[in-house]
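This report walks through one protein model, from a strand pairing to the overall dimensions. Please keep the sequence and the 3D view at hand.

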Amino acid sequence: MTEPRSSVTGLAWPALPDSVGASMLAVHYQLAHSETWPLPRLMAATFRQLALLLRHARDTVPAYASRLAGLALDDADALAAAWPTVPLLRRADVQALGEALHSRAVPADHGRVIEYHTSGSTGRPLRGLETELSHFFFGVLNLREQLWQRRDVAGTFAAIRTQVSGVRQPGWGRAIEAVFSTGPALTLPIHTPIERQLDWLLEHQPDYLLTHPSNLRGLLLEAGRRGGRPARLRGLGTFGEQLPDDLRVLARATWDAPLADIYSCEEAGYLALQCPQVPEHYHVQSENVLLEVLDGDGRPCPAGATGEVVLTPLHNFAMPLVRYAIGDFAEVGPPCRCGRGLPVLRRIHGRARNLLRLPDGSRHWPSFPAEAWLAIAPVRQFRLRQTAPARIEAQLVAERPLQAGEQRALQAMLRQRLRYPFEIVLRPVAAIERPSSGKFEDFIGLPDG
């Protein structure tokens, strides 16, 4: 890691950062201690902060006057006991409530109120508000992630994602630059054709790359097909989509690079960061969000069980989201052997619409590792959609027309992985366009109802 940045002329060591950098380091110092707390102590601190947020919401946000009425907000223990009685807030509720969710008296020392928009990948885009303070905590957790993954911020950082243009910036962003002297950052729009993306990486030779899992898979498969590895590449980061089971193995095999995944959302920022010692574990960022995983009866899921993700960001006083059901499902993990007390998610499954529904009514999230396709045919991209209870349509982008035997083998492989003898309709296409949100789904299930 490079040396801390000093803002004082003629002073390099010990460094004196500017006010933002000093605040970042001060909060990160606290996080470095709280991440090792036992879970009861961590939850006690979470509910103390939650009580402050809820008092503000009850008193200044019209939508919460009745939702939070009668809740004990002066006793964190009583609040924790009553917490399961607070009704869930769903995306449709947020849309319907609109400005009734906006605070009428945001504390002045929380800074400016900033508007954000979700991608609308569910078909329900949202307009939300946050403050400079809540955005500051996003920066602190960005700093934590860089430090957890031991990235050398003096290197070159590349991001292939949405809402960027192909530009070169002098640093890694305000949050990191406030603390460290960094190398440059490069960005490229994710809708750039995958062949040109690989050319761009080989031209600029970044040390680190951040992109969506589906886009990284495309880059790795393209690199495997034609050859090419960014020579200085030291690490990969992914976000925004479900991480396929095989992608870490594919990244090691193709580019010999470790992969660190991030679980985040527009409404709450960082939700869980990959453990640097136990990569299959994601640590919930409990200092910034109360994250619950609930079963169908609204009870907390034990380790090994999968349930619905429900969020309460702790520092957004402009538009509090109290027990917000984001639409994702996740598997709860056991306590992590790394020594951190932060709660663990073992797997993030994605949305209910990505569930396969079997004719007997059972459902599961299917998985389609790259080697399962490539062992049969040169498939470069695919997307599956369940169009009827016993029918699956598979769009395929292949390097050449598939032979009859390859088609039959693909159908057999899909039936085996889907755990049912579905009618499999293969539809070769020239390309599968990425949606405007940038988030790609390789399987879309039947809609409810």
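## A hairpin and its partners

Arginine 383 stands opposite glutamine 395 in strand 19. This is a predicted model: local features need pLDDT of at least 70, side-chain atom pairs count only at pLDDT 80 or more, and totals for chains, interfaces and linings use all residues. Residues are numbered from 1 along each chain as its sequence is written, and side-chain values use heavy atoms, with hydrogens and water left out.

Strand 18 covers residues 379–388 and strand 19 covers residues 391–398. The two pair in the antiparallel sense over 8 bridges. A hairpin of 2 residues connects strand 18 to strand 19. Strands pair here if DSSP finds at least two bridges between them. Helices (H or I, at least four residues) and strands (E, at least two) are DSSP runs, numbered from the N terminus.

Strand 19 also runs parallel to strand 20 (residues 423–428), joined by 6 bridges. In that pairing, arginine 391 has glutamate 423 of strand 20 as its bridge partner.

An open sheet holds 4 strands in the order 20-19-18-21, with mixed pairing. Strand 20 and strand 21 (443–444) stand at the edges; each has a single partner strand, so one side of each lacks a neighbour in the sheet.

Strand 21 pairs with strand 18 in the parallel sense, over 2 bridges. There, isoleucine 444 in strand 21 is the bridge partner of arginine 385.

Strand 14 (residues 324–332) is mostly covered, with 8 of its 9 residues buried. Buried means under 20% relative accessible area, exposed over 50%, and partly exposed in between (1.4 Å probe, protein chains only).

Strand 1 (residues 89–90) runs parallel to strand 14, joined by 2 bridges. Arginine 90 stands opposite alanine 325 in strand 14. Strand 13 (residues 306–313) runs antiparallel to strand 14, with 5 bridges. Glutamate 308 has phenylalanine 329 in strand 14 as its bridge partner. Strand 15 (residues 344–351) pairs with strand 14 in the antiparallel sense, over 5 bridges. Here glutamate 331 is partnered by arginine 347 in strand 15.

## Cysteines

How many disulfides does a search of the whole structure find? It finds 0. Cysteine 265 is in no disulfide: the nearest cysteine sulfur, that of cysteine 301, is 18 Å away. The cut-off for a disulfide is a pair of cysteine sulfur atoms within 2.5 Å. Cysteine 265 is buried, at 12% relative accessible area.

Cysteine 336 has cysteine 338 as its closest cysteine by sulfur position, at 3.5 Å, too far for a bond. Cysteine 336 is also buried, at 9% relative accessibility.

## Overall dimensions

The protein has 12 helices and 21 strands. The C-alpha trace spans about 70 × 60 × 40 Å along its principal axes.

Of the 449 residues, 51% are buried. Among contacts (heavy atoms within 4.5 Å) between residues at least 6 apart in sequence, 66% join residues at least 24 apart.
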